[in-house]
Amino acid sequence: MGALGPPRSLIYEVFRQERKGQAFQHAGSIEAADERFAESYAREQYGRRGESQALWVVARSSILQIDEFVDELNRNYHRVDGYPLKEKLKEARERAGTSRPAVADR
Amino acid sequence: MDQREQDFLEYVQGGGQVEAGDWMPDEYRTRLRKFIEMHGNSELMGVLPEREWILRAPTLQRKLALTAKVQDEVGHAQLIYRVVEDLGKPRDECFDDLISGKSKFHNVFHYPTKTWGDVGVIAWLVDAAAIISQKALLKCSYAPYARIMKKICWEESFHILHGRDVILTLMNGTDDQRELVQEALNRWWGPLMQFHGNPIPADQDPMLVWRIKSQGNDEARQQFLDGYVPQIWELGLTVPDRALRQDEQTRRWQYTEPDWDELKSVVTGHGPKTEDRLDLRRQARENSAWVRSVLLAA
Amino acid sequence: MPARADLLLQIADDELILGWRDSEWTGIAPFLEEDVAFSSIAQNEVGHARALYELAARELGTTADELAFDRQPEEYRCSALVELRLPEWERTIARHVLYEQADAERLERLKASDDAEVAGLAAKIDREEVYHRLHAQMWEERLKEEPRFLSALEELRPLVDRRAAHSPALAELWDAMTSVRRSQPAGTRW
């Protein structure tokens, strides 16, 4: 039993969908000589118990990973934490003479 | 330990996890890979005692269940070696080291399986001991390993039920069948008690310090005894250790100290079946080398 | 023996013995992924045998396990092809290729049977066999230029439908297969 050597080693990543409507999640990886073998092996390793609704099998070399994100200038305008409203709301209530809302705040 | 390593240690001790591409201290990576590799080796060697009985399973249902169980173990080996490979050690090198005796596998897989009783005891008790260890890996600081442990633990759930079913059927059967179970239990008790390893204080156990596993050896053994001694006794079976008892106050189990010398000797390659089984692996690998070459060439 | 039971036993015995042989690779196949895949094929074969035995068992007033285990070697109706022990991968795959071809033809005939139960079961088995055929073809594609594979095909092809006398290999297999069962009286539960 051996790995297919590094120069021609083909690793396929397997993503599985547990139930219809759910997202495909990464489940693991297999080594296979080509797509036909990959399909056969993924089917058995990740589906022999009928535990998966569907599988995506993708050569690792086809996957583009992105794990560095730049936000040097703290762009909070498009995030919830960019909107601290507590102080402004307190000021507005005091101006209107209403210390408590009549109906619960959303 | 430099600052970066210290930060890493605090990070994992706080429950943080890392992925294959993340930086990790050399010590962590080395220990981790060795630990995971031993696990892979154990799954791979674990199939050998059991597959002898696939041929001899006495009903169609048992035949299917046992084949499926061994298949799962091969599948687990595949999952585990893929993790090791992504940590930098190719599968072929792992097999080289396994076959040459350089790397280890768990004690229980160095012993013979003599009867159908062994098949039941292994699936019921040895697997139970293994599952306790495996559950302690579900929160491993190394995330790829933690993730495969989830699949492994889930698949192991039927193994224990299968084991229990085999044992219960035998215990409800003939006198000879009950004797098969008792006799197998008598032989497997020693290795079972050694399985989780000798006691190590928590702060001196690197596996705990680096949060690779979340349970110490002694704790695992106590958990095993808690769960399975009552199951053994309720069937009218006896455990071959007169000193085995549960302290009424502390609820801790007391037992004859396992033979740690035997454990050491066995895992360093001197078990009764070590050589035979490594030989079988070596042969199987040599005989199929041409198959792998053919697949590579295209 | 009723004709239907006879036919069912022939197919069941083929699947049982082939499944038994194929399961010998579990744990020692050429590589791990293939080990898992081939083991599923072996299990399916035994599963098919079981379903076929169950059908025959109802007619004969017995059980699937009794049909599978409690007959004498001479009473099995399996072909010479399936009973051989083939510890070489090229011979195992050659058998796999040859068997799947022959079995596909047999299943087509059964699916057309007047007997609804037989036709129904044949259809179910056939749907599972689709994957066995794909697997066999996949390997054949890779090995078709390998001399040892080609000679294995030649060696095994004549045995596909040979059902006269059994080889010693079957008696050996039967002995191992039934040893645990024979250690206790008939009817003992395992």
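1. Start with chains B and C. Their contact takes 32 residues from chain B and 33 residues from chain C. On the chain B side, four helices each supply at least two residues: α2 (26-54), α3 (60-86), α7 (175-195) and α12 (289-296). The largest share, 12 residues, comes from α3(B). By class, the side of chain B that touches chain C has 16 nonpolar, 10 polar and 6 charged residues. Keep in mind that this is a predicted model.

2. Next, chains A and C. Here 12 residues of chain A are in contact with 10 residues of chain C. From chain A, β2 and α1 each supply at least two residues of the side that touches chain C. Helix α1(A) gives the most, with 6 residues. That side of chain A has 5 nonpolar, 3 polar and 4 charged residues.

3. A pair of helices belongs to this A-C contact. Helix α1 (residues 35-47) of chain A packs against helix α2 (residues 32-60) of chain C at an angle of about 70 degrees. Their axes are 9 Å apart. An angle of 65 to 115 degrees counts as roughly perpendicular, so α1(A) and α2(C) are roughly perpendicular to each other.

4. Which residues of α1(A) and α2(C) meet? From α1(A) come A:S40, A:Y41, A:E44 and A:Q45. From α2(C) come C:E33, C:V36, C:A37 and C:S40. By class, this helix contact has 3 nonpolar, 3 polar and 2 charged residues.

5. Chain A also has paired strands. Strand β1 (residues 11-17) of chain A is joined to strand β2 (residues 25-31) of chain A by 6 bridges, and the two run antiparallel. In β2(A), A:H26 is the bridge partner of A:F15. β1(A) also pairs with strand β3 (residues 54-59) of chain A, in the antiparallel sense, over 6 bridges. There, A:L55 in β3(A) is the bridge partner of A:R16.

6. Look at the side chains along β1(A). They alternate. A:Y12, A:V14 and A:R16 point to one face and are buried.

7. Last, the core. The largest nonpolar core has 136 residues. Those with the most contacts inside it are B:A129, C:A12, C:L52, C:Y53 and C:A56. Take C:A56 as one of them. Leaving aside its neighbours within four places in sequence, C:A56 is in contact with C:A5, C:L8, C:L9, C:A12 and C:L67.

Definitions and conventions:
Residues are numbered from 1 along each chain as its sequence is written. Chains are lettered from A and ligands numbered from 1 in the order in which they are written. This is a predicted model: local features need pLDDT of at least 70, side-chain atom pairs count only at pLDDT 80 or more; totals for chains, interfaces and linings use all residues. Axes are lines fitted to C-alpha atoms, for helices over the stretch in contact, and angles run from 0 to 180 degrees between N-to-C directions. Angles under 35 degrees count as roughly parallel, over 145 as roughly antiparallel, 65 to 115 as roughly perpendicular and the rest as oblique. Two residues are in contact if their C-beta atoms, placed from the backbone, lie within 7 Å. Ala, Val, Leu, Ile, Met, Phe, Trp, Tyr, Cys and Pro count as nonpolar, Asp, Glu, Lys and Arg as charged, and the others, Gly among them, as polar. A residue is buried if 20 or more other C-beta atoms lie within 10 Å of its own, exposed if 12 or fewer, and partly exposed in between; C-beta atoms are placed from the backbone. Two strands pair if DSSP finds at least two bridges between them. A nonpolar core is a set of buried Ala, Val, Leu, Ile, Met, Phe, Trp, Tyr and Cys residues joined through C-beta atoms within 7 Å.
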